[in-house]
Each structure stands twice: as C-alpha cells, then as structure tokens.
Number of protein chains: 2
Amino acid sequence: MQIVIIGSGNVAYHMAKAFSLKKIPVLQIFGRNGEELKKISEELDIPYSNEYLENADLYIICVSDNSVESVSQLITKKDCLVAHTSGFLPKEILKGAYRKSSFYPLQTFSKSKELDYKKIPFFIETENVGDKQLLFEIASKISENVMESSHEKRKYIHLTAVFACNFVNHLFARAKEISDSQNIPFNYFLPLIDETVQKIYEIEPKAAQTGPAVRNDVRVLELHEQLLKDESLEIYKTMNHSIQKMYEL
Amino acid sequence: MQIVIIGSGNVAYHMAKAFSLKKIPVLQIFGRNGEELKKISEELDIPYSNEYLENADLYIICVSDNSVESVSQLITKKDCLVAHTSGFLPKEILKGAYRKSSFYPLQTFSKSKELDYKKIPFFIETENVGDKQLLFEIASKISENVMESSHEKRKYIHLTAVFACNFVNHLFARAKEISDSQNIPFNYFLPLIDETVQKIYEIEPKAAQTGPAVRNDVRVLELHEQLLKDESLEIYKTMNHSIQKMYEL
C-alpha cells in the first residue's frame, strides 16, 4: 500500500504526522512549496518533492478547497484511489480516471499546535465498499471515531464547524481586541472561556445561555453599544438580536 | 463578621456555596423567591428569609443588574458595607447611607453546573482601604485570583466577557440548531470545540484563525449562505465580514 500526501499546509502536515506516529508508511509528500515540504520531510522523515509525483495506490489531497480540483488533475494514474480532505467539496470535484473519495478530519489545524489525533472524527465517502474498508482501516489506526458520511451531510458538518470553531475563535480575537484596548490581560478570561465550553458537556447550549441579551437587560445593551464601534459593534448587535429571537424576547 | 447574601439566582447560589465550602459563615440568604431560597438554604444549611433582612456587617447583592438599585434600598443600616456583584454597574448604583463596593466574580454561573471557585478572578472596588482589605481577605479564601478594578475597567472586562462567553455560547446554540436539523449528533463537534479553546492558550486568537473567511474562499462563503437563513445567515455574514476586515482581505 503506497500512500502519497499532497499539500504542505496545516492539514497536510498533521495528516503526515498522524500517519508517521502510527507507523503508516508514507511514500512521498508532494506539493508546490518546496521550503514547507522540506521542513515537514525533515521532521517526519518522509521523502518529498515539488516536481515529481510518485506512483501510489492512495493519494490524499490536503490543499485548500480552491486548489483541490486543479491538484487532482496532476494524478494521471488510473488504478488508484484519490481522497480529498475537504468538508465542503463533493468527491466528484476530483478530476481523473481514478476512484474518488472523501476523507474529512473534523478539526482545526495549526502547524505549531500539537493534536490528540485519536479524538478527531473522520468522515469517509467512497465509490465502493472496498475503498470504504480501506479508508476505514487507515482512519481507525489514527482515530477512535471514524464514520461514513454523504456529501450532503458533510456540507452541514462543515458549516456547523464554521460556527462552533472559526466564528468562536474570531469572537476570541475581537474580545482580545477589546481587552487589549484597556490593558486588561486576556488571560483573565481563560477560566470563563474554559467554563463556557465545559458547560455544554452537561447542559444544552440553549439552556446554558447567560448575559444581558437573554435577560433582556436593555439598559446594559444600549450602554455596551456606546463602548463599541465598527465590526465589534456589528457583531454585538447581530448576536444580541439572534439571542433575543431564539428566546422570543 | 456577619454576612448576608441577597438573591436566589445563579450568582447568589454559587456565592453562597463558595462561602460554605470555605467555612465562611453566612448569617442569612435573603430574596424574593421563597421557593428557590428554601432549596439553597437546605442544600447549604444557611438560614433564609424572603421577609426579614438580618442585621449584618456585609451585604453581598447577587441580583440581576436591573434590580440592584431597588434591592440596595432595602438595606437601611448605616454602619455596614454593601457590595454588588455586577460587572457592569458602578458602586454608586447602591442607594443607602452605608459604605459601597463592588465584588465582581468573572464567571458564567448555572445552578446545575459545579464550578472550581479558586480559578474565578474577583474584581474589587471599595470606598476605603479597610473595606478593600476586608473584601480581598474574603475573596482570597475563595479564589487564587483577586484584583482591584475601577468601574471604568470593570465595564470593559464585562463587555469582553460578553464576547468571549455569552456570544460564544450562542454560537454553540446556533451551531447545534444546524447540526440538529440534519440529525448530526452535536458531540461530533466537542473535540473541535475543545481544540479551538486549547489553541488560544498557545497561539494568539488572531493568529489561530482558520476557515473559509480567512482563506477568502468566496465560493464556499456563497454556497454556505445558501444553506442558511434568518438569524444564522445574519451571523454568518456579520462574522465573515468582520474576519475579512480584521485580516484586510
């Protein structure tokens, strides 16, 4: 079983590392950015190239959604399985005569942040049962949580993740902007943030809501608005409106 | 030192419990809602009343921002210290001839969720040094993290908390609404949510941003919008706009 990972970004790095840690041999890591590939190659002891794509049985494409289609056309071999790792794209975005699949890890990846791979849910979609078994076998070496998912469902998983992760992180960024502006150390807020997340393990998020909007504390809302401007003010208004709609206030 | 806690909601309950656990005697828990008071009283073995307010040296008002002023007028004693627990209000909201103070625990409180009180930052503001020492002494029995804070600064701490906690929880609620609509179990997203928070212990939130908006993946953004409606769509647009502004995309 010869495996090639394509890409040199956050997902490619962590995919290669997860394979490495589980002693799943990777024949090559391939991409455009020679410098990044070299770093990954040296850390994980995997051959790399930005010129010559090796012959393999399985190619895992870990590039940004915009590039998946064009990258998929670099694979000219027919008798092989190609997987993309996008939460958003259908497997048919892959353009070639090979067998197509999706291999989606639901996680946020940054190169500088270590991850516990076994907790990452993997969502798999293939053209046939044999390929499904193969990808399940590989994913199950990495993760305890491997599932089949249609593209239709995966799109919504991805969209939910944008709310629960990307937007949450952006709220942290805007929150830090506010506290920085008053020289308030952001680490004051870490116990609060931890608790906000721990709560949803025990209480439905809808039932766990606190704060001035759900209390319909109009005076606080108005005075808060005076402390804000631009995008933070827009977020403030939009979120409060949405909270008040959800609780019919 | 006679202490009375006023209120029967989430903050009053946890304040009384934190005092109880540290064997700080509470003379009485006082409020309007006799039924809730009785429950707290029975759990924590603290006398309660919804009629007669005991004579005390320190009253800690744990009621919603809207009610602090009117509740503060129930205290007719002069030689005592009164503290409110609001992040938002000035200590001058307290209307009486007593000494005024603020005793703000930065945390999100739900009765059904246990808390590690020692990690909760307490922000204290008083009229004089003696009262400051007193409140520091009490708060330091509960928490490892007790600080002085002006009302001006506290307002911004509270506002930051709204972004980092209340709005984050609302994003979880809207995210769950999306996943529920497709019968996708919300617990799939818990490792992702945990990692989103763990990241900010190591990486600045601004540097940790991932997702289609920061990659300026316009096609994904457009197609996601087609899957959304009403408040979730508004949140989607507002957050993406704010992300793109922050990164000058």
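Let's start with two strands of chain B. β4(B) and strand β5 (residues 81-84) are joined by four bridges and run parallel. Strands here are DSSP runs of E, at least two residues long, and helices are runs of H or I, at least four long, all numbered from the N terminus. Two strands pair if DSSP finds at least two bridges between them. Across this pair, B:Tyr59 has B:Val82 in β5(B) as its bridge partner.

Before going on, a word on the model. It is predicted, so local features need pLDDT of at least 70, side-chain atom pairs count only at pLDDT 80 or more, and totals for chains, interfaces and linings use all residues. Residues are numbered from 1 along each chain as its sequence is written, chains are lettered from A and ligands numbered from 1 in the order in which they are written, and side-chain values use heavy atoms, with hydrogens and water left out.

Back to β4. On its other pairing, strand β1 (residues 3-6) of chain B is joined to β4(B) by four bridges, again in parallel. Which way do the side chains of β4 (residues 58-61) point? B:Leu58 and B:Ile60 go one way, B:Tyr59 and B:Ile61 the other, and all are buried. Buried means under 20% relative accessible area; exposed is over 50%, and partly exposed is in between (1.4 Å probe, protein chains only).

Now the whole sheet. It is open, has eight strands and mixed pairing, and the order in chain B is β3-β2-β1-β4-β5-β6-β7-β8. The edges are β3 (48-49) and β8 (146-148); each has a single partner strand, so one side of each lacks a neighbour in the sheet. The partner of β8(B) is β7 (residues 122-126), in the parallel sense over three bridges. As a reminder, strands of a sheet pair through backbone hydrogen bonds, either parallel or antiparallel.

Next, chain A as a whole. It has nine helices and eight strands. Its C-alpha trace spans about 65 × 35 × 30 Å along the principal axes. Of its 249 residues, 60% are buried.

How do the two chains relate? A rotation of 180° with 0.0 Å of shift along its axis puts chain A on chain B, with RMSD 0.0 Å. The two copies are thus related as by a two-fold rotation axis. The superposition is by least squares on the C-alpha atoms of residues with pLDDT of at least 70 in both. In chain A, A:Val168 comes closest to the axis, at 2.8 Å (C-alpha). The copies meet through the same surface, because 100% of the interface residues of chain A are also interface residues in chain B.

Two residues to look at. A:Phe172 sits in helix α5 (residues 151-181). It is buried, at 0% relative accessible area. Setting aside neighbours within four places in sequence, its contacts (heavy atoms within 4.5 Å) include A:Phe186 and A:Ile193, and from chain B, B:Val168 and B:Pro205. By contrast, A:Lys91 is 81 residues from A:Phe172 in sequence and 33 Å away in space, C-alpha to C-alpha.

The other residue is A:Ser232, in helix α9 (residues 230-246) of chain A. Buried or exposed? A:Ser232 is buried, with a relative accessible area of 6%. Not counting residues up to four places away in sequence, A:Ser232 touches A:Arg174, A:Glu177 and, across in chain B, B:Phe163.
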